[in-house]
Amino acid sequence: MPHLRAWQRGYVIAVKRDRSVLPESGEPEPGRALTARIVAGDVELEGILRRPREARGVVLFAHGSGSSRHSPRNRGVARLLRDAGLATLLFDLLTAEEEEAEAATAHLRFDIELLAGRLCAATRWAENEPAINGLRLGYFGSSTGAAAALVAAAQMSGHVHAVVSRGGRPDLAAQALVLVTAPTLLIVGGADHEVIALNQQAYERLTARKRLEIIPGATHLFEEPGALERVAQLSADWFLRHLAGAPPS
């Protein structure tokens, strides 16, 4: 199928390393960080990789439309994943120019094949990065980024070992759902009724090991007290189980 070869269409990898620690606001970072510049086709995407000293896996984040690597929600989840012993790579799926155009035209937010191809490029970068060499890799996707994560997981079967979707649109992964082999966790807010229905439909189509978690009272952005922490806990358990072989807490 043509969509299964997106990562082969000229995606190459480059990196600019900064071995100094780059702390987030108010965050004393115990490990190290580096700035990544990932070349995907004719664009360059920027990201930041953070690794705790005793990393047990690495998680790549795929954000939804209108978001970026600076998303406070994804950064909050990423910090808690690092506390659990997982390295994290947050990067921009779109360039600054594309984001500006997207805000006006909305022409890229549902281009799942484009977003998945860029996630595949980031995966190739991660596999070649010495700082995380040998660590098993997973995807954390939110909104349309969850669909991109599932399509990329289908394209990169054998390279991706776990997927988590937060308030995602896995239904947009369409026929790729049956090709996903990585264990997949779908997390939805209990008050996000339309998205619950879409996740239930996608759940039925997934053939890999799977789980659907509904967080009572949470809305689409998981802004309620404790909701995002619960997302992070469920995600950390899932990733540690499937990336590091740890039993669930």
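## Burial and the basis of this report

A residue is called buried when its relative accessible area is under 20%, exposed when that area is over 50%, and partly exposed in between. Arginine 124, at 18%, therefore counts as buried. The structure described here is a predicted model.

In soluble globular proteins, nonpolar side chains tend to be buried together. The largest nonpolar core of this model has 49 residues, and the members that touch the most others are Leu60 and Tyr139. Two or more residues are contributed by each of the strands β1 (32-40), β2 (43-51), β3 (58-62), β4 (87-91), β5 (137-142) and β6 (160-166), and likewise by the helices α3 (112-128) and α4 (144-155). Helix α3 supplies the largest share of this core, with ten residues.

Another core, of 26 residues, lies apart from the largest one. Its members include Phe61, Leu86, Val231 and Leu243.

## Salt bridges

Side chains of opposite charge can pair when their charged atoms come close. The structure holds four salt bridges, and three of them are described below.

One joins arginine 124 to glutamate 127, with an N to O distance of 3.2 Å. Both residues belong to helix α3, where they are three residues apart, about one turn of the helix. Arginine 124 is buried at 18% relative accessible area, whereas glutamate 127 is partly exposed at 31%.

A further salt bridge links arginine 211 and glutamate 213, whose closest N and O atoms are 2.4 Å apart. Here arginine 211 is partly exposed, with 32% relative accessibility, while glutamate 213 is buried, with a relative accessible area of 17%. Glutamate 46 and arginine 37 also meet through their side chains, at 2.9 Å from N to O. In this pair, glutamate 46 is partly exposed at 27%, and arginine 37 is partly exposed at 22%.

## Positive phi angles in loops

Serine 143 has a positive phi, near 55°, although this residue is not glycine. Serine 143 is located in the loop between β5 and α4. With a relative accessibility of 22%, serine 143 is partly exposed.

Phenylalanine 222, also not a glycine, has a positive phi of about 55°. The loop that holds phenylalanine 222 runs between β8 (210-215) and α6 (227-243). Phenylalanine 222 has a relative accessible area of 2%, so this residue counts as buried.

Key:
Residues numbered from 1 in each chain as written. Predicted model: local features only at pLDDT ≥ 70, side-chain atom pairs only at ≥ 80, totals over all residues. Heavy atoms only, no water. Core = buried A, V, L, I, M, F, W, Y, C linked by side-chain atoms within 4.5 Å. Buried < 20%, exposed > 50% of the residue type's maximum accessible area, 1.4 Å probe, protein only. Helix = DSSP H or I, 4+ residues; strand = E, 2+ residues; numbered from the N terminus.
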